[in-house]
Amino acid sequence: MVKVAPSILSADFARLGEEVRRVQEAGADWVHVDVMDGVFVPNLTIGPEVIKALRPHAQIPFDVHLMIEMPERYIERFVECGADYITVHVEASHDIPGVLDMIRRAGRRAGLSLNPDTNLAKVEPYLQDLDLLLVMSVQPGFSGQTFRPEVLSKIARARELRDSLGLRFDIEVDGGINRDTGRSCAEAGATVLAAGSALFRSRDMATEIALWHDF
């Protein structure tokens, strides 16, 4: 069974607390939170104080995806605000081992993400230090983009490496995920599906999540 992590980037920002509660009540496994700084990606979203305000609205893990430059400056703040998984980009950090160690020493799950055009070899040296590998299937920065099918081979290779090394990190995919692309990702080896529009705009989020759990 794959895990499902609705991305609140597609939620109604006027009532985010209610939306986070809806995610949990619909049977989601995680809440996916995209943090953008306007530098690493050309967009701005929410920060630690908003996450802190949302944390009481759900007991499921908060999967916080930092699309920011020099994330090591902010790890402590995201730990304090209630993040359970903290994922940084391999393209953004100058001290990847140090950042991952900082996250894990704080008692949180450490994730590493790579963009669609980044070769998987870029993250291979760090696989043994990961709780989560996040494969972007669109260029990060904006919601509603079209899934790039060429990432399926990257997902499959990541799963092959994970299993051959006897590791247990989750493989999450984010970007353009819907019923069809989600099923393809799960078949390729993904263990977590992050999705925004396809879940928040579905007729019944709980029914949709239950369907995805069976991929």
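Guide: The model is a predicted one. Its second largest pocket is lined by Tyr85, Arg104, Arg109, Leu127, Gln128, Asp129, Leu130, Asp131, Leu167, Arg168, Phe169 and Asp170. The volume of this pocket is about 180 Å³, and its lining comprises five nonpolar, one polar and six charged residues.

Visitor: What makes Asp131 and Arg109 a salt bridge?

Guide: The side chains of Asp131 and Arg109 come to 3.8 Å, N to O. The cut-off is 4 Å, so the pair qualifies. Asp131 belongs to the loop between strand E5 (109-114) and strand E6 (132-136), while Arg109 belongs to strand E5, so the pair ties together parts 22 residues apart in sequence.

Visitor: Why is Asp131 called buried?

Guide: The relative accessibility of Asp131 is 14%. Buried means under 20%, so Asp131 is placed in that class. Arg109, at 45%, lies between the limits of 20% and 50% and therefore counts as partly exposed.

Visitor: How do you know that Asp117 forms a salt bridge with Arg148?

Guide: The closest N and O atoms of Asp117 and Arg148 are 2.6 Å apart, which is within 4 Å and therefore meets the rule. Asp117 lies in the loop between E5 and E6 and Arg148 in the loop between E6 and helix H5 (151-164), so this pair ties together parts 31 residues apart in sequence.

Visitor: Is Asp117 buried or exposed?

Guide: Asp117 has a relative accessible area of 61%. Exposed means over 50%, so Asp117 is exposed. Arg148, at 23%, counts as partly exposed.

Visitor: What places Asp101 and Arg105 about one turn of the helix apart?

Guide: Both lie in helix H4 (residues 96-105), with a spacing of four residues. The structure holds 15 salt bridges.

Visitor: Why is the aromatic pair of Trp212 and Phe215 called stacked?

Guide: By the rule for rings, there are two aromatic pairs. In the pair of Trp212 and Phe215, the ring centres are 6.2 Å apart and the planes stand at 20°. Centres must lie within 6.5 Å and planes under 30 degrees apart, so this pair is stacked. Both Trp212 and Phe215 are buried.

Visitor: What makes Val39 exposed?

Guide: Its relative accessible area is 60%. Val39 lies in the loop between strand E2 (31-36) and helix H2 (48-54).

Terms used: Residues are numbered from 1 along each chain as its sequence is written. This is a predicted model: local features need pLDDT of at least 70, side-chain atom pairs count only at pLDDT 80 or more; totals for chains, interfaces and linings use all residues. Side-chain values use heavy atoms; hydrogens and water are left out. On a 1 Å grid over the protein atoms alone, a cavity is a set of points where a 1.4 Å probe fits but cannot get out, and a pocket is an open set with protein on both sides within 12 Å along at least five of seven lines; lining residues have an atom within 4 Å of a point. Grid points are joined across faces, edges and corners, and a volume is the space filled by probe spheres set on the points. Ala, Val, Leu, Ile, Met, Phe, Trp, Tyr, Cys and Pro count as nonpolar, Asp, Glu, Lys and Arg as charged, and the others, Gly among them, as polar. Rings of Phe, Tyr and Trp (its six-membered ring) pair if their centres lie within 6.5 Å; planes under 30 degrees apart count as stacked, over 60 as edge-to-face and the rest as tilted. Buried means under 20% relative accessible area, exposed over 50%, partly exposed in between (1.4 Å probe, protein chains only). Helices (H or I, at least four residues) and strands (E, at least two) are DSSP runs, numbered from the N terminus.
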